[in-house]
Amino acid sequence: MQYKIGTKQTTKMVELRKAVLVYVAQDADPRMTDRIVRLCGETGIEVTWVKTMKDLGETCGIDVGAAMAAVIPDSSDDE
């Protein structure tokens, strides 16, 4: 599995239905997260909440925080 990190990439992967799971940080701005949570509900993609943006960044293997990230199967084509 690989991650697509950030609002634009996560949204794109959900819209293309390539994401199998979306992580969303609880401390991220709701103006950013509300849309992706709603979109995931519409497309049937599971949302998992992570306590902080820092924790989500660490989960994804980056040194900065992240508001959201999509989990993509390795066999999926890149953008």
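Of the 79 residues in this protein chain, 38% count as buried, where buried means under 20% relative accessible area, exposed over 50% and partly exposed in between, with a 1.4 Å probe and protein chains only. The model is predicted, so local features need pLDDT of at least 70 and side-chain atom pairs count only at pLDDT 80 or more, while totals for chains, interfaces and linings use all residues. Residues are numbered from 1 along each chain as its sequence is written, and side-chain values use heavy atoms, with hydrogens and water left out.

The chain has 3 helices and 4 strands, in the order β-α-β-α-β-α-β; helices (H or I, at least four residues) and strands (E, at least two) are DSSP runs, numbered from the N terminus.

Let me turn to helix 1. Its buried residues, in the span 7-15, are T10, T11, M13 and V14. They cover an arc of only 165° around the axis, which puts them on the same side of helix 1; the arc is that of the directions from the helix axis to the C-beta atoms. Their cover includes strand 1, strand 2, helix 2 (30-43) and strand 4 (68-72). Just after helix 1, R17 takes a positive phi of about 60°.

The structure holds 1 aromatic pair. Y3 and Y23 form this tilted pair, at 6.4 Å centre to centre and 45° between the planes. Rings of Phe, Tyr and Trp (its six-membered ring) pair if their centres lie within 6.5 Å; planes under 30 degrees apart count as stacked, over 60 as edge-to-face and the rest as tilted. Y3 is partly exposed at 32% relative accessibility, whereas Y23 is buried at 18%.

Terms used
Contact means heavy atoms within 4.5 Å.
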